[in-house]
Amino acid sequence: MTIKIGDRLPAGSLSEFIEVETAGCTLGPNEFKVGDLTRGKKIVLFGLPGAFTPTCSAKHVPSYVANYDKLKAKGVDDILCMSVNDAFVMGAKDQKTAGKVRMMGDGSGTYTKALGLELDLLARGLGVRCQRFSALVEDGVVKNLNIEAPGKYEVSGAETILAQLG
């Protein structure tokens, strides 16, 4: 069942490739509980079908990087990008996300399935991926959810979230 507005995000974890060791985070992939990432915060969570597909790299991720300051001014604490890729892949290409968008891997697709947002691309040789979507989440509860039709990029960019924030 697909998550909907008013639902609490399910328990689960996402992984992030950490390039600089800090207290509590080692160099390399680190796993983070979604509940910890969202507790007491207003976050934007957006999902990609693939880390470096043309639309993801040229439009979707850049929309959040370009609108980072506007989102922060509207009270967004963190911006999380997730995809059914491992943390190494999510951190591999410089999208100029450092300090703006956290690139989170869902390598096995477990969290994507928990959200009910899986996209079956087996016939195209791409496996099961994440649907393209964006969500505004406050203290773990979905306030807005924008799910793209297959192959589309119309409602999940930062501009839509900004409009929903008012």
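C81 is buried, with a relative accessible area of 0%, where buried means under 20% relative accessible area, exposed over 50% and partly exposed in between, computed with a 1.4 Å probe on protein chains only. C130 likewise counts as buried, at 0% relative accessibility. The sulfur of C130 has its closest cysteine sulfur in C81, at 8.9 Å, which is too far for a bond. A disulfide is a covalent bond between the sulfur atoms of two cysteines, and it is assigned here to a pair of cysteine sulfur atoms within 2.5 Å; the structure holds zero disulfides.

The model is a predicted one, in which local features need pLDDT of at least 70 and side-chain atom pairs count only at pLDDT 80 or more, while totals for chains, interfaces and linings use all residues. Residues are numbered from 1 along each chain as its sequence is written, and side-chain values use heavy atoms, with hydrogens and water left out.

The protein chain has six helices and nine strands, which are DSSP runs numbered from the N terminus (H or I over at least four residues for helices, E over at least two for strands). With a radius of gyration of 15 Å, close to the 15 Å that the globule rule gives for 166 residues, the protein chain is as compact as a globular protein of that length; the radius is taken over C-alpha atoms, and the rule is 2.2 Å times the number of residues to the power 0.38. Of the 166 residues of the protein chain, 48% count as buried.

Strand 8 (residues 133-138) and strand 9 run antiparallel and are joined by six bridges, two strands being paired if DSSP finds at least two bridges between them. Within this pair, F133 stands opposite I147 in strand 9. The two strands form a hairpin with two residues between them, and D139 in the turn has a positive phi of about 50 degrees. Strand 9 (residues 141-147) is largely enclosed by the rest of the structure, because five of its seven residues are buried.

Grid points are joined across faces, edges and corners, and a volume is the space filled by probe spheres set on the points. The search finds one cavity of 30 Å³ or more. Strand 8 and strand 9 are the elements that give two or more residues to the lining of the largest cavity, and F133 is one of the residues in that lining.

The largest pocket holds about 480 Å³ of space. Its lining comprises 24 residues, of which E16, T97, A98, G99 and V101 lie nearest the centre. At least two lining residues come from each of strand 1 (13-18), helix 3 (68-73), strand 4 (78-83) and strand 5 (101-105). The second largest pocket holds about 350 Å³, and among its 18 lining residues the closest to the centre are P49, L119, R124, R132 and G151. Helix 2 (54-66) and strand 6 (118-121) each supply at least two residues of this second lining.

Conventions: On a 1 Å grid over the protein atoms alone, a cavity is a set of points where a 1.4 Å probe fits but cannot get out, and a pocket is an open set with protein on both sides within 12 Å along at least five of seven lines; lining residues have an atom within 4 Å of a point.
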